Structure formats: C-alpha cells, structure tokens
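Let's take a walk through this structure together, one part at a time. Keep the 3D view open beside you as you read.

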There are 2 protein chains.
Amino acid sequence: MTVELVSTGTELLLGEVTEAHLALVGRELRTLGMRLERQTIVPDGVVVRRILEEALFRSDLVVVTGGLGPTSDDNTREAAAEAIGRGLEFREDVFLRISSFCAAKGIRAVPDGIRRQAMVPKGAQVLWNSVGTAPGLFIQKGRLAMFLLPGPPREFVPMWRAAVVPWLRARAEGQKFLWRSWWIVGLTEWEVQKQLEEELRGLGIKEIGYCDRLGEVEMRVGSAEPSLLERAEALVKARLGTALFGENEATLEAAVVELASRLGKTIATAESCTGGLVSHRLTDVPGSSAAFTFGWIVYANEAKVEELGVAPELLTAHGAVSAEVAEAMASGAVRRSAADLAIAVTGVAGPSGGTPEKPVGLVWFGLAAKGRVTSFRKTFPGDRSMVKRLASQAALNALRLSLLAESELAK
Amino acid sequence: MTVELVSTGTELLLGEVTEAHLALVGRELRTLGMRLERQTIVPDGVVVRRILEEALFRSDLVVVTGGLGPTSDDNTREAAAEAIGRGLEFREDVFLRISSFCAAKGIRAVPDGIRRQAMVPKGAQVLWNSVGTAPGLFIQKGRLAMFLLPGPPREFVPMWRAAVVPWLRARAEGQKFLWRSWWIVGLTEWEVQKQLEEELRGLGIKEIGYCDRLGEVEMRVGSAEPSLLERAEALVKARLGTALFGENEATLEAAVVELASRLGKTIATAESCTGGLVSHRLTDVPGSSAAFTFGWIVYANEAKVEELGVAPELLTAHGAVSAEVAEAMASGAVRRSAADLAIAVTGVAGPSGGTPEKPVGLVWFGLAAKGRVTSFRKTFPGDRSMVKRLASQAALNALRLSLLAESELAK
C-alpha cells in the first residue's frame with residue numbers, strides 16, 4: 001500500500017502558513033504499519049490537476065489537502081474530477097447541509113462561492129464537515145483512490161481520523177507493525193536515550209525514536225511482536241518513574257487536571273511572565289472547571305500587591321523576579337481562592353528587561369498549599385514565546401509532582 | 001525564474017522531524033520578487049535521483065536539502081551527480097577541511113563515512129560549512145542549476161543566506177513580482193472576496209488569494225507593477241475600513257497593544273471560558289506590560305463574586321453566561337484594576353455544559369471603561385479549543401475597536 005500526500009495552497013509556498021499535516025499523517029500511518037512515500041506542496045491553480053494525475057499513477061492512495069474553500073483560488077474539486085476522468089455534479093444533500101450550516105450562522109442566502117462547494121465529482125462519497133462548509137470527498141475509480149480534505153487543521157484532523165484512518169486500517173491487516181509512545185517531562189531526549197536505549201536494544205527492540213518538543217520528550221518504540229512491547233513498556237515505566245506523564249495522545253495539562261480531579265483537589269494560578277498561558281493550558285482540558293477555579297494575571301507590580309497581597313517591601317527589597325515574591329504570590333493565591341494548591345510564576349520573558357543578575361529567561365516559581373509554600377528557579381533559553389512555553393511546562397509539572405506526592409501520602 | 005525545493009529525509013515522512021525550510025525559503029524568495037513553485041519531500045534512497053531529474057527538467061533552480069551526512073542512508077551527492085550526468089571525484093581540499101574540522105573536535109582518524117563527504121560531483125562548487133562536516137554544493141550544467149544543502153537548520157540557514165540568496169538576487173533584477181498582504185477580522189473570506197475581488201480584477205490585478213485562519217482572514221495581492229499595488233492598497237483600505245487590522249506579519253494582539261500604548265491606555269481582562277487565552281495572547285507581544293496590567297481568570301462562580309464583585313443575585317437570576325454577568329465582570333475589572341478599559345468573556349466552551357437556551361459555543365462579552373459598560377454576544381462553531389480561540393479573537397477585536405473609537409474622538 002503506497003500512500004502520498006498532496007498539499008495545495010499558494011500561502012504554504014509563500015511561507016505565510018505553516019504546513020501542518022505532514023507530521024500527523026506520517027506518525028499515524030506509522031502506527032498502522034504503513035509509511036508515507038511522498039509529500040508534494042503546490043500552489044493553487046492549474047498545476048494541481050497535473051500533480052494529481054502523476055500521484056494517482058504511482059500511489060495506491062492520494063490524500064489531498066486544501067483548495068476546497070469558497071473563494072476563486074480553490075480548485076481542488078475541479079482538478080480532482082478532471083484527473084480521475086469524472087464530471088462534477090450538483091449535490092442537493094450537500095447543498096442543504098451547507099445551507100443549514102450558513103443558516104445557523106445567520107446567513108440566509110447562500111453566496112455563490114459557497115454554493116460551489118456542493119459541486120461534487122460524480123460518484124464521490126461525501127465526508128461531512130462539522131466545523132466548516134467545505135465537505136471532504138472520497139473518490140474511488142478502479143485501483144485509484146483519493147481523499148480530498150480541507151486544509152485548516154480543525155477541519156482536516158477530524159476527517160482524517162473519522163474517514164481516512166479506518167479506510168487504511170481495513171487495508172493494513174497482515175502488515176501490522178505496532179508502536180507505543182510515552183511522554184516524558186524534565187529530561188532531555190539525550191538523557192532518556194541514555195537511560196533506556198541499551199536495555200531496549202537488549203530486549204530485541206529495533207525501532208526506537210525520540211522527539212524533543214519544547215520542554216517534553218516523546219519516546220516511541222515499534223515492533224511486530226506485542227509481547228516485546230509489553231516488556232518494553234514495563235522497562236520504560238520502571239526506569240522513568242515520575243518523569244513519565246502519559247502515553248499516546250497525553251498532554252501535561254490533562255495529566256494535571258486528571259490527577260487533581262481524581263484527588264478532589266482544586267488549583268489556582270498566579271501568573272506574571274507566563275501571562276495566562278498556564279491557565280489557558282489547564283482550561284483547554286474538557287472538565288477542567290472541576291479542578292481549576294481561580295487565576296490571576298498580575299503583570300503589573302500593583303496587581304501583585306492589590307490582588308495577591310504581596311507586600312510592597314518584598315518587591316522593593318528583592319524585585320518582582322525573586323523567590324520571596326514567587327512564594328508571596330502563591331500564598332496569596334491560596335489564601336484568596338481557598339484552593340488546595342497554587343502555582344505562581346514570575347520571570348523575565350524578554351526580549352528586554354534582563355539584567356546581569358536577572359537575565360532574560362530567569363523564572364521563579366512558587367508552590368503553595370494551605371500552611372506551606374516553597375519556591376524554585378529555572379533559566380530557559382529562547383525567545384519570549386519559548387520562555388513562556390517552557391515556564392508553563394515547569395509550572396504544570398510542579399503541580400503534577402505535588403499532586404502525585406499527595407496521592408502517595410494518601411495511600 | 002522557476003525555483004523548487006526538494007527535501008530528502010525518511011524522518012520527515014515518519015513525522016519525527018518537522019520540515020523546517022519551506023517557510024523560510026518561501027518568504028525569502030518572495031522578498032526577492034520570486035516565488036517557490038513546489039516543494040517535494042521524499043525519503044532517502046533511490047527515489048531521490050528520479051525526483052531530481054524531474055525537477056531539473058521543469059525548474060530553473062532546484063534547491064535540495066538533506067542526505068549529505070555521513071551515514072549509509074545519505075545519498076544526495078550520488079543522486080545529484082547521476083541526475084545531472086556527471087561522475088563524483090575525491091576532492092583533496094574538501095578532505096583537508098573535513099579532517100581539520102574533525103581534529104578540532106578531537107577526532108584524529110577521519111571515519112570512512114565522513115571521508116565520503118569529500119566526494120563531489122565533477123565541476124561542482126563547494127560551499128563551506130562552518131558548523132558541520134557536510135559541505136554544501138552548487139552544480140551548474142548549461143541551463144540546469146542545483147544547490148545541495150545540509151538538512152539541519154543551523155547548517156542550512158547560513159548557506160542559504162550566504163550562497164543561494166546572492167545567486168538569486170543577481171538573477172532577480174528586471175522580473176520583480178511584488179506581494180502585499182493584509183489581515184482582516186470580523187469578515188469571512190468570501191465576504192472579503194465579495195467586497196473586493198471584482199474591483200481588484202478591474203484594476204488589472206491577477207494574483208489574489210484569501211486565507212481563512214480561525215477568526216481572521218489574510219488577503220494577498222501580487223503584481224509586477226508597483227503602481228498597481230498602490231492602487232490595490234488604497235482600494236483595500238477604503239473598502240475594509242476598521243475590519244483591516246494590519247499588513248504582512250501583523251497580529252491582532254500586537255494591533256491592540258500598539259494602539260493602547262500609543263494612546264497611553266491600560267487594559268485589564270476578566271476571563272471565564274477563554275481561561276487566560278486573551279491575556280496569554282496580549283502578553284505574547286513584546287512590551288505589552290506598558291498596556292496590559294491586570295487579568296483575572298474567574299472560572300468558578302465564587303471567583304466572579306469574590307474577585308470581581310459580581311453580585312450573586314445576577315448569577316442566580318441570569319446565569320454565568322449572560323449579558324448582565326459579562327457587564328458586571330468587565331465593570332469589576334475596571335474598578336479593581338483602575339485600567340482604562342476591560343474586556344470580560346463568559347461562555348460555554350464545551351464539550352459539556354450546553355443547554356437548549358445556552359448551547360455550546362455561546363459567549364457573552366462585556367466591555368467596560370470608567371463610567372460605561374456594554375455587552376454583546378456571539379455563537380461560535382467547533383470544539384472547545386476553537387470556541388476559546390474564536391472568543392479570544394472577538395475579545396481582542398472589541399478592545400481594538402474601542403481603542404480606535406477613542407483615538408478618533410481624541411482627534
């Protein structure tokens with residue numbers, strides 16, 4: 001089974017929009033025991049038809065992204081119909097669906113451009129889009145097979161998972177190669193490799209991969225033998241301990257929310273340099289309202305004083321980026337919110353504001369529960385958004401480790 | 001001048017490593033008045049030679065990345081030599097350079113794999129690598145031209161800038177093709193098209209593109225005639241008015257911070273369903289501390305009451321997602337922070353918590369300044385993270401429009 005990806009969109013080649021699907025498609029094909037043979041990125045326009053003809057000729061499945069929108073530069077439907085030698089037809093059911101989608105947004109007369117989205121290559125199967133008006137399409141003719149999916153990730157990802165993955169899975173039997181992946185925080189990929197690679201190779205595991213992603217590492221192990229993967233998993237868990245925070249689609253914020261909800265604990269945040277990123281990540285987790293209740297963004301010093309009761313003398317004596325202020329922020333957040341646990345973050349995100357004693361990237365963290373408070377510091381590399389991201393990782397991990405310690409004590 | 005990019009590397013197609021060069025190459029070609037016609041990503045191996053033959057046939061310049069390393073899967077040198085019909089030769093000067101690079105790292109005997117890196121297609125020009133052992137190569141034969149560059153960004157970027165950009169610049173004169181792009185909020189891509197496309201075509205503009213990105217639209221116009229672009233710009237500004245928030249690399253959050261800083265106004269945020277995303281975006285802008293001072297994430301009802309002084313009776317009578325509570329949150333934020341302007345966001349982000357009267361996606365916004373407060377509602381499609389993102393767009397845009405109105409009044 002050879003699979004290739006064709007991504008259409010002038011904006012991708014102009015460097016305006018980052019191509020977002022290759023990594024996902026590559027990884028998920030791999031979990032099915034398949035691999036992606038090629039990706040071609042081309043501008044909107046006449047070239048799309050030519051690329052599709054070539055791709056259909058050499059591959060068993062062609063996945064096409066983009067060019068299904070309502071504007072004049074979107075021509076994937078037409079190009080695909082021509083490449084596969086079929087005409088387009090107006091589909092009443094698609095039009096009705098689009099109309100009701102528009103109606104729900106308060107648009108009564110469907111504009112012409114959007115009406116075009118109901119033109120479908122003859123015999124194509126329609127994949128409904130719950131997020132936008134552009135339907136996805138699946139076209140099969142003899143040996144040729146092609147999925148046309150919208151470019152925006154929020155529309156692409158659900159259709160990829162709901163339609164393409166099951167279609168591939170049905171054809172993947174007999175060539176199963178299994179993968180497990182784990183997420184690790186607080187170690188570099190090199191440290192993870194040093195702790196595990198030799199022993200995993202000793203077990204007979206041949207496929208091992210590591211991927212470093214802004215403050216966390218994904219580690220992946222592949223084998224055709226399920227029993228080998230079980231043994232690999234046991235080894236990984238034993239060696240990594242609490243540095244391991246999840247498997248497969250895990251996120252650090254979901255691990256925190258899940259643990260807090262399970263223990264019946266509530267969390268508050270007091271953020272300065274992360275500016276709301278910690279609470280944004282916590283509230284990305286469905287159901288987080290059970291665990292996360294209060295948050296403050298105390299960007300200005302007056303906010304630290306007025307909202308969290310940080311003593312002005314502490315700010316004068318130690319500066320906003322200090323152990324004392326981080327602890328006072330965390331204690332204030334626990335006091336004001338009555339949450340069980342609060343994390344405070346105060347640092348220098350840059351690009352300006354750094355000094356020799358407190359350089360850009362220096363961040364102090366305070367962690368408070370009723371009656372106790374601690375602090376720690378880290379220095380992060382990178383630009384403003386990377387410092388924010390890495391500081392949010394450290395903050396979430398501090399919450400996670402504190403909750404883990406409580407759950408151990410409770411045993 | 002047609003330029004295409006060929007990226008080699010199995011790891012790219014397995015989703016292990018993110019392709020890092022497309023955006024840079026696309027943007028820098030655009031500033032030279034050129035455009036990238038295509039990118040092809042292929043695995044290491046025999047396919048590389050075939051791709052290079054095709055690419056050389058259709059393009060004036062082929063830029064190849066990856067496959068110049070020392071390991072057995074690196075075969076770009078060989079593939080390129082075969083594709084262009086030249087043999088490889090051992091280059092003493094390259095070998096000496098590699099040896100001294102190894103020696104500087106304490107490696108005395110150059111390993112065989114690394115020795116291979118001194119094999120160069122006959123007649124190729126060597127591009128020295130200051131960061132690694134793999135030299136870059138430039139091969140020209142008649143009309144055919146090809147740069148071979150290492151894949152790791154820290155090696156690729158300096159060579160791209162030092163060798164490829166000057167080569168292109170020397171050929172860019174006389175064929176300048178210019179692009180302008182604008183960012184629009186509050187309109188869909190087809191609404192933008194309806195307002196502008198016909199008139200832009202009437203001016204003689206042929207290249208027009210639209211890109212819808214989670215609550216904002218990028219519109220792009222290209223032409224070889226600067227005067228045409230000036231007229232297009234005037235038209236776009238006249239038609240779009242305040243829906244237009246910036247050009248080129250603009251972001252909505254930067255537009256808000258810039259406007260507030262210019263007017264000397266301060267901003268506070270009071271977020272429920274966006275959970276900190278509005279403040280996270282504001283604080284992503286360097287220098288935002290001048291404009292953004294206080295933020296609250298009042299996820300729990302008690303937080304709304306205790307931190308922002310929302311009357312409990314309002315919550316009981318109207319619920320947390322209501323005009324009354326949004327206004328009370330915004331007024332409370334202005335009162336507590338003494339900021340000039342506050343935005344409040346309260347809604348149902350989902351996936352649970354929706355009711356027939358207040359479905360998932362319903363969001364109320366409150367906007368307060370000293371002595372006055374207003375509210376408005378919107379209903380957003382999509383999942384939790386999309387509702388959060390679209391609500392943050394609407395919140396930032398409300399701040400922007402309010403600041404714009406003040407700057408008009410001040411005139």
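The size of an interface is often given as the accessible area lost when the parts come together. Please keep in mind that you are looking at a predicted model, and that the values here are computed from it. On the chain B side 72 residues take part in the contact, and on the chain A side 68 residues do.

What holds polar groups together across this boundary? There are 38 residue pairs in polar contact between chain B and chain A, counting pairs in which both residues reach pLDDT 80 or more. The interface also has 7 salt bridges. To look at a salt bridge between the chains, find Glu11(A) and Arg220(B): their closest N and O atoms are 4.0 Å apart.

One open sheet has 12 strands with mixed pairing. At its edges you will find strand S6 (125-127) of chain A and strand S6 (125-127) of chain B, each pairing on one side only. From one strand to the next, the twist averages 15°.

For a look inside this sheet, zoom in on chain B. Strand S3 (residues 61-65) and strand S8 (residues 144-149) of chain B run parallel and share 4 bridges. Val62(B) has Met146(B), in S8(B), as its bridge partner.

Helices lie across these strands. In chain B, helix H4 (residues 76-84) lies across strands S1 (3-8), S3, S7 (136-141) and S8, at about 175° to S8(B). In chain A, helix H7 (residues 153-172) lies across strands S1 (3-8), S3 (61-65), S6, S7 (136-141) and S8 (144-149), running at about 160° to S8(A).

The UniProt record, an unreviewed entry, gives the annotation "domain: MoaB/Mog" to residues 4-171 of chain A. Over residues 4-171 of chain A, the chain is 42% helix and 23% strand, with the end C-alpha atoms 15 Å apart.

Another open sheet, this one of 10 strands with mixed pairing, has the order S17(A)-S16(A)-S15(A)-S13(A)-S14(A)-S14(B)-S13(B)-S15(B)-S16(B)-S17(B). Which strands stand at its edges? They are strand S17 (372-379) of chain A and strand S17 (372-379) of chain B; each has a single partner strand, so one side of each is left without a neighbour in the sheet. Here the twist averages 15° from one strand to the next. In chain B, strand S16 (residues 362-369) pairs with S17(B) in the antiparallel sense over 8 bridges. Among the residues involved, Ala369(B) has Arg372(B) in S17(B) as its bridge partner.

Let's return to charged pairs. Over all chains, the structure holds 49 salt bridges. One of these joins Arg239(A) and Glu199(A), whose closest N and O atoms are 2.7 Å apart. Arg239(A) sits in helix H9 (residues 226-240) of chain A and Glu199(A) in helix H8 (residues 189-203) of chain A, so the pair ties together parts that are 40 residues apart in sequence.

Finally, some details of the backbone are worth a stop. The peptide bond from Gly350(A) to Pro351(A) is cis, with omega near 0°, and Pro351(A) lies in the loop between strands S15 (341-347) and S16 (362-369) of chain A. In chain B, the bond from Gly350(B) to Pro351(B) is cis, again with omega near 0°, and Pro351(B) is in the loop between strand S15 (341-347) and S16 of chain B. Ala338(A) has a phi near 60°, a positive value in a residue other than glycine. You will find Ala338(A) in the loop between helix H14 (323-337) and S15 of chain A.

Note on methods. Residues numbered from 1 in each chain as written. Chains lettered and ligands numbered in written order. Predicted model: local features only at pLDDT ≥ 70, side-chain atom pairs only at ≥ 80, totals over all residues. Heavy atoms only, no water. Pairing = 2+ DSSP bridges. Helix = DSSP H or I, 4+ residues; strand = E, 2+ residues; numbered from the N terminus. Axes fitted to C-alpha atoms, helices over the stretch in contact; angles between N-to-C directions. Contact = heavy atoms within 4.5 Å. UniProt positions renumbered as here; feature names shortened; annotations may be inferred. Salt bridge = Lys/Arg side-chain N within 4 Å of Asp/Glu carboxyl O. Polar contact = N/O pair within 3.5 Å; in protein donor to acceptor, adjacent residues only side chain to side chain.
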